[in-house]
Amino acid sequence: MNDGTPGALIDVALFRLRRIWARPLRPRRAGEPQRPVQMSNVMVVHAVHKLSLDVPEVTVGAVAEQLDVDPSTASRLVNDAVGAGFVEREESAVDARRARLTLSDRGRRVLDVVVRHRRTYLDGLMADWDESDRETFARLLARFAEAATARPANLANLDQVIAEALGESATRR
């Protein structure tokens with residue numbers, strides 16, 4: 001569904017990019033072995049790293065907010081990252097009822113390798129662009145991301161809109 005507007009073109013591009021971005025860290029075909037690092041592990045590692053730059057203690061609740069997931073989902077994701085050896089739980093100095101999350105050496109290595117790999121990939125994609133195009137694209141994409149962060153989509157009525165489009169009642173399931 002492309003109506004040719006800038007919003008439609010961006011929507012299609014972002015959908016394609018999301019799928020491409022996740023691809024390196026998931027199996028490509030049924031029956032293929034799991035990769036050693038799952039995308040969910042990388043997401044948690046990124047969240048713990050970013051949060052640790054801004055807050056004195058990173059908690060599961062903070063990871064949930066950073067990843068925009070339910071606390072129970074964040075708990076499962078963090079448990080997976082702990083189990084994989086990328087994140088460590090330590091006793092909180094602030095509240096004995098909660099744990100403080102930190103990156104392990106293994107987690108820091110994964111973060112470094114994944115970031116380096118992505119940036120090398122991006123540099124390769126733009127290798128034939130002139131410097132001003134790369135700088136303009138980077139500036140506009142960062143501006144777009146800031147706007148999206150500052151004004152997230154209002155999804156409050158999405159279920160109702162979908163139900164109406166399908167000719168169903170939103171309460172019937």
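Is tryptophan 129 buried, partly exposed or exposed, and at what relative accessibility? Select tryptophan 129 and have a look: at 35% relative accessibility, it counts as partly exposed. Keep in mind as you click around that this is a predicted model.

**Stop two: helix 2 against helix 3.** Now select residues 39-54 for helix 2 and residues 60-67 for helix 3. The two axes come within 10 Å and cross at roughly 110°, which means helix 2 runs roughly perpendicular to helix 3. Show side chains to see who meets whom. From helix 2, pick Met43, Val44, Ala47, Val48, Lys50 and Leu51; they meet Ala62, Val63, Gln66 and Leu67 of helix 3. Sorted by class, this contact holds eight nonpolar residues, one polar and one charged.

**Stop three: an asparagine in helix 2.** Stay on helix 2 and select asparagine 41, which is found there. Is asparagine 41 buried or exposed? Its relative accessibility is 5%, so asparagine 41 counts as buried. To see what surrounds this residue, leave aside its neighbours within four places in sequence and bring up Asp80, Ala81, Ala84 and Phe86, with which asparagine 41 is in contact.

Definitions and conventions. Residues are numbered from 1 along each chain as its sequence is written. This is a predicted model: local features need pLDDT of at least 70, side-chain atom pairs count only at pLDDT 80 or more; totals for chains, interfaces and linings use all residues. Side-chain values use heavy atoms; hydrogens and water are left out. Axes are lines fitted to C-alpha atoms, for helices over the stretch in contact, and angles run from 0 to 180 degrees between N-to-C directions. Helices (H or I, at least four residues) and strands (E, at least two) are DSSP runs, numbered from the N terminus. Angles under 35 degrees count as roughly parallel, over 145 as roughly antiparallel, 65 to 115 as roughly perpendicular and the rest as oblique. Contact means heavy atoms within 4.5 Å. Ala, Val, Leu, Ile, Met, Phe, Trp, Tyr, Cys and Pro count as nonpolar, Asp, Glu, Lys and Arg as charged, and the others, Gly among them, as polar. Buried means under 20% relative accessible area, exposed over 50%, partly exposed in between (1.4 Å probe, protein chains only).
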